[in-house]
Amino acid sequence: MRRQEILKWNGWGYNDSKFIFNKKGQAEFTGKRYRLGGMVLPTFKEWIEKTFGASLEHKTTSRASLNVNDVPPPIVNEEFLQDLRATKISYSQDAEDRVFRAHGHCLHEIFVLREGMFKRIPDIVVWPVSHEDVVKIVELACKHNLCIIPFGGGTSVSSALECPEEEKRTIVSLDTSQMNRILWIDEKNLTACVEAGIIGQDLEKQLSESGFCTGHEPDSMEFSSLGGWVATRASGMKKNIYGNIEDLVIHIKMVTPRGIVEKNCQVPRMSTGPDIHHFIMGSEGTLGVVTEVTIKIRPLPEYQKYGSVVFPNFERGVACLREVAKQRCAPASIRLVDNAQFQFGHALKPQVASIFTSFLDGLKKFYITKFKGFDPNILCVATLLFEGDREKVLQHEKQVYDIATKFGGLAAGEDNGQRGYMLTFVIAYLRDLGLDYYVIGESFETSVPWDRVLDLCRNVKERIVRECKEKGVQFAPFSTCRVTQTYDAGACVYFYFAFNYRGISDPIHVYEEIERAAREEILANGGSLSHHHGVGKLRKRWMKESISDVGLGMLRSVKEYVDPNNIFGNKNLL
Amino acid sequence: MVRSSISGSGTALLYFPGAVPLSQVHPSALLLCSEDRGELRHPRSALQPCKPRTTTAVTTYRSELSGSRVLSCISSKCVSASLQKELTSKKRDEFEDILEERRLSSDLRYAMKCYTPVIYKGLSPCKPNAIKSVVLQSEQVQYVIKQLAKEMGESPDIIQEEATEILDEMGHSMQLGTVRFFAFTLSKIFKQLFQRVCVNEEGMQRLQRAIQEHPVVLLPSHRSYVDFLMLSYLLYTYDLALPVIAAGIDFLGMKIVGELLRRAGAFFMRRSFGGNRLYWAVFAEYVKTMLRNGYAPIEFFLEGTRSRTAKTLTPKFGLLSIVMEPFFKREVFDTYLVPISISYERILEESLYAYELLGVPKPKESTSGLLKARRILSDNFGTIHIYVGQPVSLRTLASGRINLCPYNLVPRHLPQKPTEDIQEFVSDVAYKMELLQIENMVLSPWVLVAAVLLQNLPAMDFELLIEKTVWLKGLTQTFGGFIEWPDNLCAKKAVTSGLSLHSNIARLVDGHVVLNDKGVEDGAVGEIVFKRALVILMCSTYRNQLLNVFVRPSLVALALQMTRSFRKEEVYSSFSFLRDIFSDEFIFFPGISLKDFEEGCFLLTKCDAIQATQQEIYPTDKGSVVVSFLSAMFRPFVEGYQLIFRYLSKETKEAFTEKQFIPGVRNFVFQLLEKGTTQCYEALSSDMQKNALAALVQLGAVKKKKMANGFSYSVNQEAIHKILDVFEATEDAEPDHNEFLFPEYEILIEPEEPEFPADSTVDPDDEKGAVDASKKLEKQEESRVTSTTSDALDEETLEAMAKHETKEDKIFQTFKDRITVEPEQIIRYCRGGEGPIWVSGENIPEEKDIPNCLCGAKRVFEFQIMPQLLNHLKVDSLEESIDWGTLVVYTCAENCSAENKKLN
C-alpha cells in the first residue's frame with residue numbers, strides 16, 4: 001500500500017485523523033486512532049479565538065489535491081534506468097510519489113504543499129528491500145553520478161529532506177520503508193537486529209509480541225523510522241529509563257560510496273579510538289544509508305502509571321525538576337509545562353460524560369486555586385510517567401511527590417498526566433487546523449544548563465513576542481514552552497510558537513525571521529543549536545558558531561573521505 | 001552720526017559732524033566705507049553681525065553606535081548624503097514647570113501625599129535588608145569569600161563578616177518617611193533657590209512605561225549636588241519608583257546627612273576599590289541584585305563626579321559595565337538606559353568650582369559646610385531644565401555587536417574579566433549616552449552671551465553684544481543646540497536678564513559689558529591675575545556648555561586654519577590631530593574620526609561657512625565670520641594646551657606625579673600671565689591640565705606608570721616636541737588676522753624726519769591715549785620686521801614701473817617719495833596743517849567739496865589714514881577686500897563739542 005493512501009499528502013499524520021469544527025461550531029477530533037478520536041472539545045474554539053484573535057469566519061483552504069502538471073518533470077538517465085531495472089528493485093517516477101518524498105514537516109514545506117510547488121523534487125523513488133539492494137543502488141549511483149537522498153519516515157523538521165535547488169544530477173529518493181523486518185532478537189544479550197526502515201510504532205508492536213520493547217519513543221514514533229533516528233541523533237520521551245538513541249544503539253551497518261562501514265563485534269563499549277558510530281549518528285544522510293541497526297531491548301514494563309503535579313509557578317517547577325535530576329530519581333518521563341501550555345491543554349479537554357466528573361473537576365479547581373492559593377494564570381503543571389515493576393513504581397512515585405511537595409507542588413492526578421502525553425501526539429494535527437484559519441505555528445527545541453533554564457525560557461518567549469510586534473503581527477503570538485527532558489547537567493526545553501498572520505503578506509518569511517531571532521536568542525542564552533531535531537539545512541548557518549571552525553573541518557574531512565563525489569548530496573549539516 | 005561720502009575711486013572721505021578729537025571717538029563708531037563692495041565693517045572690534053538664521057525645526061545629529069570604523073574615501077557627495085540621513089530632524093518635548101504647583105499648594109500635603117509608584121512588572125518586593133542578605137548569600141559573593149579564605153588561610157566566617165560590614169557601609173535603607181521629609185524640605189529649598197524647575201513631561205511618561213517593562217538605569221549629567229536630590233524629587237512628584245543612587249563614600253563623612261541620604265535611597269561606593277576583590281564582588285552583586293529584581297531604578301553618574309567646568313567629562317566605565325552584565329548574561333531580557341540632561345541657568349557651586357580649578361582645595365563634604373551654604377539660599381539661581389531622554393534599550397544596542405560565547409562557557413557566578421569586545425562595547429555605550437545627554441542639554445541665552453563676551457574682553461559694547469548673541473543663537477540652532485529662549489523674550493531683555501542673574505561675573509558699565517573682576521586694579525600683580533582668572537573661569541563655565549555642540553564644526557574650522565592647503569585630506573588630517581589631542585577635553589564617539597569630520601563639514605556647509613568639493617574645502621566669503629568665530633571659541637584650548645605642552649617640554653624633571661604636575665604647570669602659566677606674555681587664563685584650570693596630560697598619555701608622548709601610591713609620569717621629549725611643532729606650524733600658517741578679528745599692533749608715533757622740513761609738527765601730547773595701543777606677541781612683531789625686506793623689493797618693482805609714469809602720475813611719485821622715509825606709516829596727523837598727501841590726482845576734493853561742521857564752522861584737515869594700513873590688516877587682496885587710496889578726516893576748525901555726547 002502506498003503511504004499517501006493512509007497519510008495526508010499536505011499535512012501531518014493519518015488522513016482520517018484531524019481537528020474539525022462540527023456543525024455546532026464545536027471543535028472535534030475525527031478518527032478512531034487516538035483516545036481523543038470522535039470527542040467534542042467544548043472550550044477549544046473559545047481558546048483559539050481568545051489566544052489568536054482568529055475567527056472561524058476567516059478561512060483559508062489548501063488545494064484539495066496535488067496538481068500533477070505543476071510538478072517538475074523527472075530528469076532520469078535512460079542508462080541508469082536500464083541498470084536499475086536489471087536489479088529488480090522497485091521504483092517509481094510518479095509525480096505523487098516524488099512530491100511526497102520531497103519534503104519533511106517544516107512549516108514552510110507544508111505551506112508550499114498547500115499553496116505552491118517545490119522547485120526541485122526527487123526524480124525517481126526507489127524501494128530497496130534489503131541491505132544488498134541498498135549496496136546495489138549506491139553502486140549504481142556512483143557509476144552514473146547520481147544524487148541519493150535517503151528517506152525514512154519523512155518527519156524531518158529541519159528541511160533535511162528538501163532537494164537542493166541547484167542539484168543538476170538525477171536525485172534518487174531512497175525510501176527505506178520496505179526494509180522493515182526484525183532480523184533477529186537476542187534475548188540473552190537483550191538486543192535485536194532490525195532493518196533501518198522500520199517505523200517506530202511497528203518496531204514496538206512487533207517486539208511486544210515477544211514481550212520486549214526498545215522504549216524509544218520520540219513524539220514522532222508513529223511515523224519516524226529507526227534509520228532516521230540514527231541519522232538525526234533522536235531522543236525519546238522515556239530516555240530516563242531507556243536512554244537516547246546513542247545509548248540504545250549497539251551496532252550500525254551503513255552503506256557509503258566508499259563501501260560498508262560496520263564494527264567487528266556487538267559489544268556494550270569499546271576503546272578503539274573515537275566511536276565511529278558518532279560519525280554516523282547525526283550525519284543526517286550526508287554519508288550513506290543506514291541499513292541495519294542492532295538495538296538494545298528491554299522486557300515490557302510490568303506497570304505504567306501517569307501522574308501530575310501542580311506548582312504555584314514555573315520557577316518552583318523548574319527547581320523541583322532540577323532537584324529530581326540531582327537525586328537521579330527522574331521517572332521514565334517528567335515534563336513541566338508553563339502556564340500557557342497548561343491552559344492550552346485545558347482547552348483540549350473533551351466534553352465530560354458524567355456530571356460527577358465535572359463536579360470533581362470543579363472541586364479540584366476550587367481546592368487548588370482557593371484553598372492552596374494558586375493563581376490559575378501563573379501555576380504550571382508537571383506531567384509524569386512511571387514505568388517498571390509495580391512496587392518499585394509506587395515507591396518511586398512517592399519519592400518524586402515528596403520532592404515536589406518541598407517545592408510547593410501539589411499532586412494533580414493521573415488524568416492530567418495522561419492527557420498531557422496524549423497531547424504530544426495530537427498536537428501535530430493542530431497545525432493543520434491552524435493553517436485553515438490563518439494561524440501558523442511550529443515547535444523548536446534546545447538543551448541548556450540548569451542554571452540558565454529559567455532565563456532562557458523567559459527571554460526566548462519575550463523575544464518572540466517582541467519580534468512579532470516588530471514584524472507587524474497584529475495579534476499577540478502564542479509562545480509557550482515546556483521542559484521535556486532532564487539530565488544531570490541540564491534540560492531540554494521545547495517551545496511552541498504560533499500566531500495569526502492575517503494582514504501579513506508574506507507570513508512564511510515573517511515566521512522564519514521570527515524563528516531565526518528565537519534561535520539567536522537561544523544561543524545567546526547559552527542554549528544549544530538543537531537537542532534532537534538536528535541541523536538539516538534550516539540551522540546550518542549556526543554550525544560554525546556551535547562547533548568551531550576546526551570542529552566543522554573535522555566533519556568535512558570525514559565527508560570528503562567517505563563521499564568524495566557527494567553522492568549523498570542533500571547538503572545537510574555542513 | 002557719522003556720515004561718509006565717497007569722492008571717487010581710491011579716495012574716501014570721512015566727515016565727523018562737529019570737531020571730535022580722535023581720543024573721544026570710540027573705535028566701534030569709526031566706520032570704514034569701501035566703495036567697491038559697499039560693505040560696512042567694524043575695524044576694531046571686528047565683530048561682524050550676521051543675520052540670525054531662522055531655523056524652524058531643531059535638528060540634531062544622532063551618532064550611530066554601529067558607525068563604521070573604516071575610513072572610507074573622503075568624498076563630499078557621499079558625505080552629505082549619508083549625513084543628511086542621520087541628521088534627522090527631531091522635535092523635542094515641551095517643558096513643564098513643576099515648581100509652579102508647589103508655589104500654589106501645601107508642601108506638607110504634597111509630602112504626605114499617597115505615594116504608590118509604578119513598579120517593574122517582574123518585581124518581587126523586598127526590604128532593603130532582605131536585599132543585603134540575598135547579596136551575602138549569592139553564589140557570586142560566596143564564591144569570592146571561599147576563594148579568599150583559601151588564599152589567605154582564614155576562616156570563611158571572618159571574611160563573611162567583612163563582607164557584611166562592607167554591605168552595611170554600602171547599602172541604602174530607603175524609607176518612605178525620610179523620602180517625605182525630603183519632599184517637604186526640598187520643596188521649600190528649591191522654591192527659594194530656583195525660579196523654575198522645568199521638566200519634559202513626555203519624558204517622564206516614557207520613563208514610567210520603561211520602569212514597568214525592564215530594569216531601568218538612570219544616567220543623569222552631573223553638574224551639581226542638586227542633581228540627584230532634584231531627580232529623586234522629580235520621580236516622587238511624578239509617582240515613579242524612587243531610584244537607588246550610587247553616591248561617593250565621602251558623603252558618609254557628613255553627620256546625619258549621610259544617613260539621611262542613605263534612607264532616601266543613596267548607596268555608597270568607595271572611590272577606588274579596584275584591588276579589593278571582596279569589595280568589588282559585594283558591590284557588583286549588590287548593584288546587580290537590585291537591577292535583576294527590578295527593585296528600583298538605579299541611578300549613577302557616567303561622569304563619575306561633578307563636572308567643574310560644565311563641560312561633559314569623559315565617562316567612567318566601571319558601574320556601567322556592572323549594570324550591563326545581567327543583560328550580557330541574559331539574566332534579564334533587556335535593560336533600559338535613560339540619559340537625563342540637567343541644565344542649570346546658574347550653577348550653585350560656580351565659584352567653588354572656579355576656586356577648585358585654580359587649586360584652592362575644595363572643602364570636604366561636611367554638615368557644617370552645608371549649613372554655611374545656607375547663605376546661598378538668599379541668592380537666585382534661575383531655572384533648571386531637566387530633560388528625560390528616550391530610554392535606550394541595551395538589547396538593541398548590543399544586537400549584532402556582542403559575541404556571547406565567553407559567557408556561555410563559564411558559570412555565570414564566577415567573576416570574569418570582560419573580553420575586549422565587551423569593554424569596547426561598554427565604552428561605546430558610555431560615549432553614546434553622554435552624547436545623548438549633551439544633545440538635550442538646554443542652553444540659556446546667558447551661555448551665548450558668555451561665549452561672545454569671552455571673545456571680546458575686556459569690554460564689549462552692549463548693543464553689539466546683543467546683536468552678536470542673536471547671531472550666535474541662530475548658529476547654535478543650526479548646529480543642533482537646544483536653546484530655551486524664555487517666553488520668546490526680545491534679545492535685549494534676554495541678555496539683560498542673563499546679566500542680572502550673573503552679576504557676579506559680568507556687569508554693564510556705561511553701555512559696555514565688562515567682567516566683574518572688582519578689585520583688580522588694586523593689589524599685587526599676582527592677585528590681579530588670580531582674580532581675573534577666577535572670573536574668566538566662571539564665565540567660561542557657561543561658554544563651555546556650547547563646546548560639545550560646536551566641537552565638530554569648530555575643529556574643522558581650526559583645521560582649515562592650520563592647513564595651508566584646502567585639500568580635504570590635509571584638512572582632515574589636521575582635524576584628526578586636533579580630535580586626538582582634545583580627546584579628553586570634549587566628547588567624541590570613539591573611533592569615528594572621519595564621521596565627526598564629515599559632520600563638522602556638513603554643519604559648516606549648512607550655514608554656508610564653507611564650500612566643499614570632492615577634494616577641497618574652503619571658507620566662503622560670507623563664512624569666514626563663522627569660521628573665525630568658531631576657531632576663536634576654541635582658541636583658549638589650543639593656546640592652553642600649547643602652554644601645558646611647553647611646560648612639559650621645558651620644565652619637567654624626568655618623572656613626576658600628578659600632584660607635582662598640576663602646581664608646576666599652574667605656576668608656569670601664572671608667571672607667563674603675570675609677565676603678560678600670554679592671555680590664556682584658562683590654562684590655569686586644573687581640568688584642562690589633567691585632560692592635556694591624559695591626551696598625551698593616550699598619544700604615547702607621556703608614559704604613565706603605576707606606582708605604589710598613584711601614578712608616575714615621564715615625558716617623551718621627542719614626541720612632545722613633535723606635537724608642539726604641529727601646533728606652531730599652525731600658528732605660522734594661520735593668517736594673523738581673519739576677516740573677523742584684525743590683528744593688533746602697537747602704533748608708534750614719531751614726527752616726520754627733518755629731511756622734509758616743511759612737514760608737520762606733531763604734538764605728541766595730543767596723541768597720547770588716542771589710539772588703543774594693544775599688545776601683540778613679540779613673535780609677530782619680529783615677523784613684521786623681517787617682512788619689510790620683501791616690502792622693499794616691492795618698492796623696487798614699483799620704481800621700475802614708475803619709469804613709465806605719465807605726468808599725471810607725478811602726484812603718485814610725490815606720494816611715494818614722502819613715504820619712503822617711513823614706509824610703514826599708517827596715519828599722518830597734522831591738524832589744520834599742511835593737508836593730506838594725495839595718492840592720485842584724480843578726485844582731489846576742493847574746498848567746496850568739504851561740508852561745514854554742524855556748528856557752521858569750516859572743517860579743516862586733521863589726519864589721514866594711509867593705504868599701508870590695508871597691508872597690515874591683511875585686507876589687501878585685489879578686488880576682494882576693502883580698498884582706499886587714502887582716508888582723509890576733516891574736523892571742525894572751531895573744535896566745537898556739539899555732538900560729543902551723542903557720540904559716546
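Which residue does the UniProt annotation "binding site" cover? In this predicted model, the annotation, which comes from an unreviewed entry, covers Arg431(A); UniProt positions follow the numbering used here, feature names are shortened, and annotations may be inferred rather than shown by experiment. A word on bookkeeping: residues are numbered from 1 along each chain as its sequence is written, while chains are lettered from A and ligands numbered from 1 in the order in which they are written. Local features need pLDDT of at least 70 and side-chain atom pairs count only at pLDDT 80 or more, whereas totals for chains, interfaces and linings use all residues, and side-chain values use heavy atoms, with hydrogens and water left out.

Arg431(A) sits in helix H16 of chain A, residues 414-436; helices (H or I, at least four residues) and strands (E, at least two) are DSSP runs, numbered from the N terminus. With a relative accessible area of 16%, Arg431(A) counts as buried (buried is under 20%, exposed over 50%, partly exposed in between, using a 1.4 Å probe and protein chains only). Leaving out residues up to four places away in sequence, Arg431(A) touches His105(A), Cys106(A), Leu107(A), Ile110(A), Gly441(A) and Glu442(A), contact meaning heavy atoms within 4.5 Å.

Over in chain B, Glu285(B) belongs to helix H11, residues 277-292. Glu285(B) is buried too, at a relative accessible area of 2%. Beyond its neighbours within four places in sequence, Glu285(B) has contacts that include Val135(B), Gln140(B) and Arg292(B).

As for where the chains meet, 14 residues of chain B contact 13 residues of chain A. About 1,200 Å² is buried between them, with carbon and sulfur atoms giving 35%; buried area here is the accessible area (1.4 Å probe) that two parts lose on being put together, summed over both. Arg330(B), Phe333(B) and Arg412(B) supply 51% of what chain B buries against chain A, more than any other three residues. Six salt bridges turn up across this interface (a side-chain nitrogen of Lys or Arg within 4 Å of a carboxyl oxygen of Asp or Glu). One of these links Arg412(B) to Asp451(A), where the closest N and O atoms are 3.6 Å apart.

Chain B also has an open, antiparallel sheet of three strands in the order S15-S18-S17; two strands pair if DSSP finds at least two bridges between them. The edges are S15 (459-461) and S17 (506-509), each pairing on one side only, and the twist averages 30° from one strand to the next. S17(B) and S18(B) (residues 512-515) are joined by four bridges, with Arg507(B) opposite Val514(B). Helix H19 (residues 462-478) of chain B lies across S15, S17 and S18, at about 80° to S15(B). Axes are lines fitted to C-alpha atoms, for helices over the stretch in contact, and angles run from 0 to 180 degrees between N-to-C directions.

Another open sheet of three strands in chain B, again antiparallel, runs S21-S23-S22. S21 (655-657) and S22 (702-707) each have a single partner strand, so one side of each is left without a neighbour in the sheet. S22(B) and S23(B) (residues 710-715) pair over six bridges, and Lys703(B) is partnered by Ser714(B). Helix H26 (residues 686-699) of chain B touches S21, S22 and S23, its direction making about 100° with that of S22(B). Helix H25 (residues 658-675) of chain B lies across S21 and S23, at about 90° to S21(B).
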